[in-house]
Amino acid sequence: MMAIVSGPGTPPTQSKAEVLSCNPVTAGTYLLRVNAPAVAAAARPGQFTMVKCGGDAFLRRPLSIHRVSETGAEISFLFAAIGKGTDWLSASKPGDTLDIIGPLGNGFDLHVSSREILLVAGGLGLAPLVFLAERARRNGIRVNLAYGTASDQRYDKKLLPEGIRLVEFTDDGTCGRKGFVTECVPGFIGSVDQVFVCGPLPMYFALSKQQNLKGKDIQISLETRMACGLGVCYACSIKTVDGQKQVCHDGPVFRLDEIVWNEMAGI
Ligand SMILES: Cc1cc2nc3c(=O)[nH]c(=O)nc-3n(C[C@H](O)[C@H](O)[C@H](O)COP(=O)(O)OP(=O)(O)OC[C@H]3O[C@@H](n4cnc5c(N)ncnc54)[C@H](O)[C@@H]3O)c2cc1C
């Protein structure tokens, strides 16, 4: 199957990226824009970068590429400040310089023959899916985005790419439907060509248990703790039906039915 956004990519580079802006989007989450032409030119949706953070964060931190600007010079990250690395990053100011390595990982496999797709985002799982939505729309593919989040953590709809169909879920029903975003997948599965999911592990567990999704083209982006991001240290190894794989090098995108889910509980 020919793909629009997959296949062997350009090797990653280490770049000095100038910060253009870093602003809060919801409580504790930030949108960070940097000038990184080499990474932007090579990036495919679903790929990530390893960002060097200051303070006492020794290891680089993985962040998905959220968007690439139309000029092709700038990339952005959507991230939650949850610890020493991301807290440090959230204080970035325009003119600061970040040290990033990327693009890394395999990225999503969007088929050239797809006419309509479903994106399923849980919370900050939205981060890599916005880039995918933009690429798909540019290729004339209809995009449905099912987005579930806590009601006080909703991403501003105005920041989403134009022309997508949004189905919102909130935990308490204050906006859109009440419930888990994964509940809508069976309803779409007959009418879309591909499904792409990014969110916390419980979302994937829920999907992996649904019998009517077996054998469907459902791609998920996995987040595990990782150390090198380059396939060297094996810290992010997981068990798949084809043996051990590394999330940083073989992923972070996998087929839903490729993962041995009962071995993932401790990750
Ligand atoms: C491929 C990939 C892409 C990612 N993309 C994004 C993104 O676009 N936006 C975003 O906000 N985050 C993303 N993450 C998660 C992000 O890397 C972590 O939140 C970050 O490394 C935390 O670093 P810290 O120093 O701030 O927190 P730490 O001080 O290292 O940890 C703080 C707390 O967060 C937990 N934690 C740390 N890392 C993870 C993780 N990977 N998964 C679950 N819990 C974790 C720790 O167990 C601890 O409880 C991604 C992770 C991966 C593997």
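Two strands pair if DSSP finds at least two bridges between them. By that rule, strand S12 (residues 194–198) and strand S13 (residues 218–221) pair in the parallel sense over four bridges. Val195 stands opposite Ile218 in S13. The model is predicted. Its chain is assigned three stretches: domain 1 (13–104), domain 2 (108–221) and domain 3 (223–267).

**Domain 1 against domain 2**

- The centres of domain 1 and domain 2, taken over C-alpha atoms, are 23 Å apart.
- Domain 1 gives 13 residues to the contact, and domain 2 gives 16 residues.
- On the side of domain 1 that touches domain 2, two or more residues come from each of strand S1 (13–26), strand S5 (67–68) and strand S6 (74–80).
- The residues on that side of domain 1 are seven nonpolar, five polar and one charged.

**Strand S6 and its partners**

- S6 is mostly covered, with six of its seven residues buried.
- Strand S2 (residues 29–35) runs antiparallel to S6, and seven bridges pair them.
- Within that pairing, Tyr30 has Phe79 of S6 as its bridge partner.
- S5 is also antiparallel to S6, joined to S6 by two bridges.
- Here Val68 is opposite Ile75 in S6.
- The hairpin of S5 and S6 has five residues between the strands.
- Gly72 in this hairpin takes a positive phi near 80°.

**The seven-stranded sheet**

- An open sheet is formed by seven strands, in the order S11-S10-S9-S8-S12-S13-S16.
- The pairing in this sheet is mixed.
- Strands of a sheet pair through backbone hydrogen bonds, either parallel or antiparallel.
- Strand S11 (177–178) and strand S16 (253–255) are the edge strands, and each pairs on one side only.
- Helix H3 (residues 126–138) packs on the sheet.
- H3 touches strand S8 (116–122), strand S9 (142–149), S12 and S13.
- The direction of H3 makes about 165° with that of S8.

**Backbone points to check in the view**

- Most residues other than glycine have a negative phi, and most peptide bonds are trans.
- The peptide bond from Gly102 to Pro103 is cis, with omega near -5°.
- Pro103 lies in strand S7 (residues 97–104).
- A cis peptide bond also runs from Gly251 to Pro252, with omega near 10°.
- Pro252 sits in the loop between helix H6 (247–250) and S16.
- Tyr234 has a positive phi, near 65°, and is a residue other than glycine.
- The loop between S13 and strand S14 (237–240) holds Tyr234.
- Is Tyr234 buried, exposed or partly exposed? Tyr234 counts as partly exposed because 13 C-beta neighbours lie inside 10 Å. A residue needs 20 or more to be buried, and 12 or fewer to be exposed.

How values were computed: Residues numbered from 1 in each chain as written. Predicted model: local features only at pLDDT ≥ 70, side-chain atom pairs only at ≥ 80, totals over all residues. Domains from an automatic or database assignment. Contact = placed C-beta atoms within 7 Å. Nonpolar A, V, L, I, M, F, W, Y, C, P; charged D, E, K, R; others polar. Axes fitted to C-alpha atoms, helices over the stretch in contact; angles between N-to-C directions.
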